[in-house]
Amino acid sequence: MAVPTHTVTNQVPPLVAYDVYGGDPVLTEGVARHAAPERLDEITTELSELGRSAGSAQAQRWGEEANANEPVLRSHDRYGHRIDEVDFHPSWHRLLGHAVSAGLTGAWSRPDGHLRRAAGFITWTQAEAGHGCPLSMTHAAVPALRHEPALAELWEPLLTSRVYQPELLPAAEKSGALFGMGMTEKQGGSDVRANTTRAVPLAEDGSYALTGHKWFCSAPMSDGFLVLAQAPGGLTCFLLPRVLPDGTRNTFAVQRLKDKLGNRSNASSEVEFSDTWVRRVGDEGRGVATIIEMVAATRLDCVSGSAATMRQAVAQAVHHATYREAFGGRLADKPLMRNVLADLALESEAATTTALRLAASCDLDDEHERALRRIAVPVAKYWVTKRCPAVAYEALECLGGNGYVEESGMPRLFRESPVNAIWEGSGNVQALDVLRALGREPRALEAFLTEVGRARGADHRLDGAVKDLLHELADLEGVEGRARRLVERMALVLQGSLLVRYAPSAVADAFCASRLGGDWGSAFGTLPHTLDLAAVVDRARPALD
């Protein structure tokens with residue numbers, strides 16, 4: 001019933017029924033830049049279909065429902081038998097099923113596979129980020145499994161399948177499978193070499209019995225898990241199936257689900273093992289070496305996931321400011337709001353451009369590209385994931401009080417924003433990994449400087465920042481204490497180089513002036529007023545059908 005005391009006006013229509021991929025020039029231009037020309041039409045069609053699905057009212061509803069109805073642990077059935085199952089809302093399964101059918105777990109054997117998957121991951125997870133975790137772990141498990149060809153022959157076709165089959169069954173009866181990981185323990189955290197879970201060899205070659213625990217094990221209803229444990233020969237990687245080949249359940253006791261800040265649609269658990277049957281992956285004592293490519297893949301997904309969150313936050317902010325009016329005009333036309341929106345757009349574009357460049361590197365995969373990824377992935381993981389919460393908050397504030405209520409979707413984005421900075425090694429771990437690469441792998445720094453140097457002479461502020469970075473790299477005395485400062489500078493010159501080469505001049509100019517030229521304050525919205533900020537904001541505005 002209408003109450004005749006007022007009429008609702010000046011409320012912004014929802015950002016819905018649009019192509020998340022096709023309406024984002026940073027994504028479309030990035031894919032066109034890196035994809036093989038003969039495949040571009042095919043890739044564009046594929047990603048546009050996914051983009052329209054991601055922007056649909058249906059996908060947005062799935063995301064809301066999956067987060068409002070969190071996973072529930074069922075440790076026992078009605079008769080008292082231990083079952084260790086987690087119930088998810090049907091919308092969680094719809095999201096995962098759509099993602100799997102779109103190929104978001106299959107990149108390793110497709111032409112331009114990593115590029116198209118990264119673009120798809122950025123597109124689809126804007127609808128809901130939590131289910132990106134099992135997608136990422138399943139994708140990243142492939143290179144680790146290839147250390148054991150017999151296991152890869154069995155599992156890789158299932159992990160890269162486009163069939164989503166959530167039932168727990170033996171691998172031989174599955175048409176598609178998902179993988180999780182269990183690396184960290186309560187006493188060790190990121191120091192996986194401190195793990196205490198023990199693996200005892202069994203009579204069957206390559207088989208072991210595990211006893212121990214894992215402090216974080218996400219997506220516990222996955223079909224298999226890669227775990228680290230102490231074998232007689234040292235820390236080793238193992239494959240743990242939820243269901244054994246004879247159809248019986250493996251010992252996988254889910255003790256509890258984590259009550260998390262965000263990422264609430266996804267179940268993260270603590271699990272216990274007791275004579276749990278596993279197969280060795282790689283050689284004994286080579287656990288870290290076996291999973292190193294897996295780690296790099298999940299770290300790159302942290303970059304892509306943060307880029308997706310930033311893009312959705314900025315799209316919502318620009319969309320709101322385009323329709324909302326205040327003080328006699330549109331918010332987007334007000335100089336101060338325009339400055340804020342442009343500043344946020346720069347951060348988002350830099351993140352997406354970096355993610356796509358590194359994904360394309362995985363497809364090229366020659367010696368130079370491998371060396372580049374060795375240092376650029378932890379650099380990007382450190383910086384992009386740390387920028388995400390700041391962007392999500394500022395974008396929320398652009399909506400004012402409307403952004404603070406759950407119906408806007410902005411609080412969910414904000415709660416989600418820190419997870420990628422923590423997952424797969426937090427900031428200090430990334431910074432120390434960069435130092436390790438600098439100290440042990442000189443080709444990595446050479447590849448990084450070659451990449452940055454491709455923009456030499458194009459912008460004096462970038463050239464000056466590179467010169468300062470070289471000066472800092474020349475003196476590594478006490479470098480651990482200033483590692484974050486060093487890695488931040490490396491990230492900014494990498495992003496600056498990419499934007500100078502690939503972005504419109506208004507974007508590159510604003511990025512170099514603020515991030516590299518020193519004309520920037522401590523908060524978003526402090527860009528030099530002389531820049532072409534309207535062009536930057538227009539580029540970030542999501543194109544509606």
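The model is predicted: local features need pLDDT of at least 70, side-chain atom pairs count only at pLDDT 80 or more, and totals for chains, interfaces and linings use all residues. Residues are numbered from 1 along each chain as its sequence is written, and side-chain values use heavy atoms, with hydrogens and water left out.

Along the principal axes, the C-alpha atoms fill a box of roughly 75 × 70 × 45 Å. The secondary structure comprises 18 helices and eleven strands, which are DSSP runs numbered from the N terminus (helices H or I, at least four residues; strands E, at least two). Of the 545 residues, 57% are buried, meaning under 20% relative accessible area with a 1.4 Å probe and protein chains only.

Helix H5 covers residues 113–124 and reaches 16 Å from its first C-alpha to its last, close to the 16 Å expected; the expected span is 1.5 Å times one less than the number of residues. Twelve of the twelve residues of H5 are buried, among them Arg-116, Arg-117, Phe-121 and Trp-124.

The second largest pocket has a volume of about 840 Å³, the space filled by probe spheres set on grid points joined across faces, edges and corners. A pocket is an open set of points on a 1 Å grid over the protein atoms alone, where a 1.4 Å probe fits, with protein on both sides within 12 Å along at least five of seven lines; lining residues have an atom within 4 Å of a point. Its lining has 37 residues, of which Gln-316, Glu-407, Ser-408, Gly-409 and Met-410 lie nearest the centre. Helices H3 (57–68), H8 (287–323) and H11 (410–416) each supply at least two lining residues, and H8 gives the most, with six. The lining divides into 15 nonpolar, 14 polar and eight charged residues.

The structure holds zero disulfides, a disulfide being a pair of cysteine sulfur atoms within 2.5 Å.

| Cysteine | Closest cysteine sulfur | Distance |
|---|---|---|
| Cys-362 | Cys-302 | 14 Å |
| Cys-388 | Cys-302 | 11 Å |

The sulfur of Cys-362 is too far from that of Cys-302 for a bond, and so is the sulfur of Cys-388. Cys-388 is also buried, with a relative accessible area of 1%.

Terms used:
Buried means under 20% relative accessible area, exposed over 50%, partly exposed in between (1.4 Å probe, protein chains only). Ala, Val, Leu, Ile, Met, Phe, Trp, Tyr, Cys and Pro count as nonpolar, Asp, Glu, Lys and Arg as charged, and the others, Gly among them, as polar.
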